[in-house]
Each structure stands twice: as structure tokens, then as C-alpha cells.
Amino acid sequence: MNSQYALRCIGLTKSFNGKTAVDNLDLSVPTRQIFGLLGPNGSGKTTIIRMALGIYARDAGEVETLGSADPLEVRDRLGYLPEDRGLYPKMKVAEQLTFLGAIRGLPQREAKKRADAWLDRLGLADRAKSDTNELSKGMQQKIQFAASVLHDPELLVLDEPFTGLDPINTRLLKDLIIEQRDKGTTVVLSTHRMDQVEQMCESICLIHQGRAVLAGGLSEIKASYGETSVSLEYEGESGSLHGLAGVREVRDSGRTASLLLENTEASQDVLRQLVDRVRVRSFRLAEPTVEDIFLDKVGYVAPVDGDNGDGGNSGEAVP
Amino acid sequence: MKPAKVIAIARREYIARVRSKAFIITTLMVPGFMAFYAVIFPMMIRADVDVLRITVIDAGTGIGGALKTRLEEIESLPFQMQETENVRESEVEAVRQRFSDAVRNEEIDGYIVLIPNEETLARSQYYAGETGNIVIIETLEGAIETTILENWFAGEELERLRAVQRAGMETITVSASGEERGGFLVAYISTMILGMLLYMTVLMHGQQMAMAIVEEKNSRLVELIIGAVTATEYMIGKVLGVLGTGLTQLSIWLLMVAITILGILPGLAMGAAVAEFNLANVLDFRALAYFSIFFFLGYLMYATMFAAIGATCDNVQELQQAMIPAMMPMVLAFISTFYIMTNPNSFASQVLSFFPLFTPLTMFARVNVSEPPLWEVWLGIIVLVATVGLTIWGAAKVFRATILFHGKRPSFAELFRMARAAS
């Protein structure tokens, strides 16, 4: 066992009805940090997670979850918040939490104690005896997060945890996740939201069409790019940013744009070209954002829609 | 396998079942029905008539007066006897017309015609507006019969006749362990009760559990559950939960019955009906012990079967279709008990009692009316236990295979997601 990693996958492969969902994927999640599993919807993140947790059998490849080749052997040390949330609608909130703790190996009484403590923390103590379906979606989501950490897992896997949360609850959940990390829990955060990864993760793995496109420490990845990202504010005609020499990618939002340069040295030349074409209001050179990097590696970025990407954003919309 | 996790699953299932409307409704409804048929229904038959105005038309048998007196003495029915009409046989039709009009005009409720008969002394007919009440008909018939017999016999002979009528026949079951009173009727009734209780409870709660399994499969809850417990732990937990539900319901019913017997029945003085049903015969320890064993194992086996069916189905419609063939063995077992109780130790009965899906009822029926070799009974019990074990094992395998572990048959939700992602 390599205690440096909470989770390792080697050559992980899975297909459904002939369609490859995960393709020869290698993944290493260092312990005691928040790891971002990043990719558009449908890129295979959930399938990877399910195999890593022993819910799906794998077609090929190895996993090593908390040092065990069979994740089910360490199931009581794993915490999981699935993407599609499910709770028993007619079960009382406190009973539900207690139950979910008990099936992860907590003694009934201890599970009950922790459930009450968590409900207190989440400000839901007064709803302990309500049926779960009487709670708002955000409340249910908080309950589910509590369920995933009730038994103090060593590895916590969160699949799109921020889906459907308002900004206040998003903030709360972020704090709770960071608190878990500070306690020494390894957190795998699976999301299609680049900004969240940017804010929270120390290491990332970019997933595209079931393959790992890029993996490593976020700061190292960024450093390897150097200062090749340009945030631009400008006034000018649309389309005037096309065909700039020394620019690899352009994301033009009309008044602002972000450019990914071929290298840092190109920056002065690019600025000169811009001055000729548009009125430059601000030109700031920085390390690329996760979004820039993703764009660079995959060739497109799925629009961030603040939700889980349903409704038009299929995530597989590769040209 | 971790017992604590099995208990957690069982506890949840139990609480969900016991709190369900179905549980509360059946728990109250079944004794309600029983009470209706046992107490209220017979009372309704009796209470239906406040008074029965009846005329006896005697066409020369000479027992008209005696019949009138006898009917007046009957307490269980409110006969109000009119003056007896003594007529010639040739006049009967004409007189009858008059009395039929009286019935139509509701001046009387009915009339009895007694026509002389060489062989039986009297041929009797009952004319009335309402002839459907079996209690009235039986009472009248009995009264006429007794009146005729008393007319023939007298004094000491009559006393002997009455003694013979009272004596009836005792039924004693002879078995290896001795001789026992009470016989077919008790055996028959207790077998029926076992069957009814078993099927009612297990069908109700087993189906609900199967439904819950299908629902859990379709919701993503199963991802949490199956990530946390093994399929076997899950299956055993489910079955134990539903077993607890059945036992709870049974206990409530038994308690209700006990309260009724101890408290209400003596007060109602059900008389003949209760006297015939000797409590000491019903509360036979051996039968009760077997009843418990076969109820327990039968319930467990059918519950396991339902769990297995739930594990194989992907949606509620599919489940409903799969339920129908699953209920067939229950019906067949029920039907075959009629044969078994009359031929408890025939080869066919032996075979039927070892077919595990039938065993709970068929073996109990055999044990009830006869004393089959002990090894046969215990073999039946072992077969049942093995079946329960095998079914759980199989159900867990199927569950694991169809849901998630092998991902061979992705759920509808997954298919949908994949289709959407590919579009």
C-alpha cells in the first residue's frame, strides 16, 4: 500500500453496451487534500467514482482505494455523496441520518448522537422529526452531505455537491468541505464547475471522454503554462479578436475576453496587434485559469450555467 | 456479514412497513371483518325480525297444536303463533289462498301447511314472504321433526330418543402419541386459519417490501445502500424487517382475539355456536407449536421470494406482472390442503408436503389431521429452511447483478442519462 495516495486507479476501463465510458484511465489522489475531478457532464466522472467505490465492477484495470484492491472491504471508511440524490421521502430526517450512518458501520446509538449533532450544526434541529420530503431541496442536500461524513470517512467522494444550492448554502458547503480536509480527510470533488476547482482543489485531473487529459498539482500545472493567460477588456467590433498571431485560444465575451497565449514572450506582440484592432481598456497577464487550461486541452469549454448542466449543455457537444 | 448492518436495514424496513397506511388499515380491518362475521352478522340475522307471526294449517295430521306450542316455547326466535287452522285436506287450497293474501297484506309473516302422509305422518310446507333466512327455516324444520317424533314415541321411549339426539358423536384422533378429542373440524378450521393469516400478512407486507426494493433500485438511494452494505446484508435485512412486521401484526390480532374471548364472548353468550367450538380442543399445544413453526417459516419463505422478485424487476409494472405467478403456488397449496386433509398420508400428500412452496400449508395440514412420521415433518422443516437460505442467496446475487455491481443492465435512469449525453 502506498499511503501517499487515498485512491489510485490504473488502466481503469468501463463500457456500457459497447459505448466506452471510461477508457484506460490512470488517477492518483494524494491524501489529505481536496482533489478535483473535473470534466463536462457525461465525461465519465461518475462512472470512475462508482468503480473506485466498488459500486460498479470494472471491465479492466485496477483500483486501490485506501490501500485496498477491493473498495468494498474498506466501505466503512468511505463517504459518498452521489450525484443523483436520493433519500427515503417518508422517513423522518433524524432517523434517515441515523440509518445512513448505521449502514456505514456506526453503532445505532452513536449514529443517533452524531445525527442530532449534525442537524444542530446545519440549523435543522427543529426538522429532525419532519418527513424528509417536507424539506426543501437545499435542506435535503445538506442532510445528504451530513450523511456522507457522519461516520468520519477517510476518503470522501462528492459528486457535483453544489448542484442546486443557493449562494449561501454553497458557501456553507464549501466551508464544511474544507473543514473535512483540515481534519485530515481526503476529498474527491467531482464537478464540471471550473471555478469551484480553481477555488478549492490542490490537485486536479481533467477528464474528457473517459480519458484523463491532464493531472497533477494545480499550481504546478499553472506554473508550467507560465503567464500565458490574458484578461482583456476592450471596445470594438465582434470578431476583431480572431486571427491574432501568438494566440492559441480566444474566449470572447463581447466586452471582455480571455486569451491563451502560445508563450509568455508573445504577450507584447499580442498587445500591439490588439491596439491596432480595438480600443484596449485593460490588459492583464496571469497564469491561466482552470478554464483556460481545459480549453487548451480539450478545445472547448462547456458553458457554466450555475446548475448541473442540464438543459442544452450535454457536455458531449464536441463539434 | 455484519449483523449490525442487517439490523439497521431491518429496522428501517420494519418502521417503514409498520407506519404505512396498509399496515394500519389491515391490522384494523381484518379483526373488523372477523367480528362482523362472528358477532354482528348472526346478530343481524336475528335482530332482523322483531316478531314472526305464523299460522299452522293442519289438514288432519293432528300435530298442529303440538307444533304451535313447541314454536311458542322457542326463545331464540320471536314466534308469535296465530290460531291453528284445522281444515280438511280437500279444503287446503282454498284456505291457503286466504292465508297467502294475508301474507301479501302483511297481516302474518308466514304459514305452515301440514298434510297427512302415511310414511312420515306429515308433509310440511312453509309459505312466507321471506324464505331466505336460514335460521328461521332450520328452526321450523327442527321443530316439525321433533313434533312428529314425539307424536310417535312416548314416555320412556321418548326420553331415550331425546338422549340419543343429545349424545351425537364424538370424534377422536388416534395417533402414535395417544388419542385426542376433536377432529376434522378443528383441524380443518385451524389449517384454514393458518393459510389465511399467512397469506394475508405475507402477501400484503411482502408485496410492499418488493415494491420498496424496486423503488430503491430506481432511486439513487441504492447507490448509497449498496456502497455501504453487501447485497446479502441488504436482502436479509429486508426480509427480517418484513418478518417483524408480520409478527407484530399477528401479535396484535392474537391480543385482540384473546381480549374478545376473555371479555366479550361470555357476555354475548353465543350459546350453541360457542359450545360446539370447544376452546380446549382449539388450544391444542402440539397444533399450536406446529402452527407457529409453519407460520414463521412459511412467512419467511414467501417474504424471501418476494424480495427475490423485487430484486429482478426494474419497475413497478414489471413487478406487478411478476407477482401473479408468484401467488400461484399459494393458491395451489391452499387447494391441495382439501385433498391432503382427507388423505393425509397418501403418496400424493407426501409429495405435496415436501414441495417447499407448498410445505408450510400442506405439511401443517398433514400434521393437523394425522401424525405423519416425525422425520417427515422435520425433513419438511429442513427443506423450508434450506429454501429460505437458497432464495436469499439467489436474490442477493440477482440484486447485485441487475443493479450496479456488474452494470450489465443499467437502470432506466442511467440509460436515459447516457442517451442524453450521447445526443
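Predicted model: local features only at pLDDT ≥ 70, side-chain atom pairs only at ≥ 80, totals over all residues.

How many of the eight residues of helix H8 (residues 221-228) of chain B are buried, and what does that say about how the helix sits in the structure?

Reply: Now to your helix. Seven of the eight residues of H8 in chain B are buried, so the helix is largely enclosed by the rest of the structure. To find them on your screen, click through B:Val222, B:Glu223, B:Leu224, B:Ile225, B:Ile226, B:Gly227 and B:Ala228. "Buried" here rests on a neighbour count: a residue qualifies when 20 or more other C-beta atoms lie within 10 Å of its own.

The next stop is B:Ile236, which belongs to helix H9 (residues 231-268) of chain B. B:Ile236 is buried because 25 other C-beta atoms lie within 10 Å, and the cut-off is 20. Leaving out residues up to four places away in sequence, B:Ile236 touches B:Val6 and B:Ile392. There's also B:Trp393 to look at: 157 residues separate it from B:Ile236 in sequence, yet their C-alpha atoms are 9.2 Å apart in space.

Zoom out to the whole of chain B. Its secondary structure comes to 17 helices and seven strands. Of its 423 residues, 33% are buried. Take the contacts in chain B with a separation of 6 or more: 77% of them join residues 24 or more positions apart.

Two packed helices are described by the angle between their axes and the distance between the axes. The crossing of H12(B) and H13(B) is right-handed. From H12(B), the contact is made by B:Met305, B:Phe306, B:Ile309, B:Gly310 and B:Thr312, while H13(B) supplies B:Leu319, B:Ala322, B:Met323 and B:Ala326. Sort the residues of that contact by class and you get seven nonpolar, two polar and no charged ones.

Now over to chain A, which splits into domain 1 (5-221) and domain 2 (227-286). Taken over C-alpha atoms, the centres of these two domains of chain A are 38 Å apart.

Let's start with a six-stranded sheet in chain A. The sheet is open, with strand order E5-E6-E7-E3-E8-E9 and mixed pairing. Strands E5 (78-81) and E9 (211-217) of chain A sit at the edges, each pairing on one side only. On average, and ignoring direction, neighbouring strands of this sheet are turned by 15° against each other. E5(A) runs parallel to strand E6 (residues 155-159) of chain A, and four bridges join the two. If you want a landmark there, A:Leu78 stands opposite A:Leu155 in E6(A). Packed on this sheet is helix H1 (residues 45-52) of chain A, which touches strands E3 (34-38), E6, E7 (186-191) and E8 (203-208), and its direction makes about 155° with that of E6(A). Helix H9 (residues 290-298) of chain A packs on the sheet too, touching E3, E8 and E9 of chain A, at about 145° to the direction of E9(A).

Then there's a three-stranded sheet in chain A. It's open and antiparallel, with the order E2-E1-E4. E2 (19-30) and E4 (60-65) of chain A are the edge strands, each pairing on one side only. From one strand to the next, the twist averages 15°. Strand E1 (residues 5-16) of chain A pairs with E4(A) in the antiparallel sense over five bridges, and A:Leu7 has A:Thr65 in E4(A) as its bridge partner. H1(A) turns up again here: it packs on this sheet, touching E1, E2 and E4 of chain A, and its direction makes about 120° with that of E1(A).

E10 (residues 229-235) pairs with E12 (residues 256-261) in the antiparallel sense over five bridges. Look for A:Val230, whose bridge partner in E12(A) is A:Leu259. E10(A) also runs antiparallel to strand E13 (residues 279-286) of chain A, with seven bridges joining them. In that pairing, A:Leu232 has A:Phe283 in E13(A) as its bridge partner.

Terms used:
Residues numbered from 1 in each chain as written. Chains lettered and ligands numbered in written order. Pairing = 2+ DSSP bridges. Axes fitted to C-alpha atoms, helices over the stretch in contact; angles between N-to-C directions. Contact = placed C-beta atoms within 7 Å. Domains from an automatic or database assignment. Buried ≥ 20, exposed ≤ 12 C-beta atoms within 10 Å, placed from the backbone. Left-handed = near helix turned anticlockwise from the far one by under 90°. Nonpolar A, V, L, I, M, F, W, Y, C, P; charged D, E, K, R; others polar.
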